[in-house]
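Here are my notes on this model, as numbered points. Please read them beside the structure.

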Amino acid sequence: MRGREKGKQGERGGVPERVGERTPTFCVTLDAHDPRAVAERLAERGINVWDGNYYAPELMTHLGLEGHGGGVRIGFLHYTSPDEVDRVLTALRSVTGRLGAR
């Protein structure tokens, strides 16, 4: 890992140097579906995600999402199982079938 503070055995706190040590975060938009409504429907299923611009308004402006609710932020961690990923994808499919267009 690289960062400011050098730790034990040459490790540093901060950003992992190898991509395989990073955990993926996705910004998802679903055509005609409000990000807040998608996040709320997922929360009803016990899936915690965020909506909005994630303190990155310049990026959201570049993506054309600022002022339109931003996106749905989905984060997976190193211990997220393939079954949990499938659960999120299944829930997204189900939720978008239930929501009306924004």
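Predicted model: local features only at pLDDT ≥ 70, side-chain atom pairs only at ≥ 80, totals over all residues.

1. Of the 102 residues in the protein, 25% are buried. Buried means under 20% relative accessible area, exposed over 50%, and partly exposed in between (1.4 Å probe, protein chains only).

2. Residues are numbered from 1 along each chain as its sequence is written, and side-chain values use heavy atoms, without hydrogens or water.

3. The protein has three helices and three strands, in the order β-α-β-α-β-α from the N terminus. Helices (H or I, at least four residues) and strands (E, at least two) are DSSP runs, numbered from the N terminus.

4. Contacts are heavy atoms within 4.5 Å. Among those with a separation of 6 or more, 55% join residues 24 or more positions apart.

5. There is one aromatic pair. Ring centres of Phe-26 and Phe-76 lie 5.8 Å apart with planes at 70°, so the pair is edge-to-face (centres within 6.5 Å, planes over 60 degrees apart). Phe-26 is in strand 1 (residues 25-28) and Phe-76 in the loop between strand 3 (71-75) and helix 3 (82-98), so the pair ties together parts 50 residues apart in sequence. Phe-26 is partly exposed at 40% relative accessibility; Phe-76 is buried at 13%.

6. The charged end of Arg-73 sits over the Tyr-54 ring, 5.6 Å from its centre. The rule asks for NZ of Lys or CZ of Arg within 6 Å of the ring centre and within 35 degrees of the ring normal.

Definitions and conventions:
Phe/Tyr/Trp six-rings, centres within 6.5 Å; stacked < 30°, edge-to-face > 60°.
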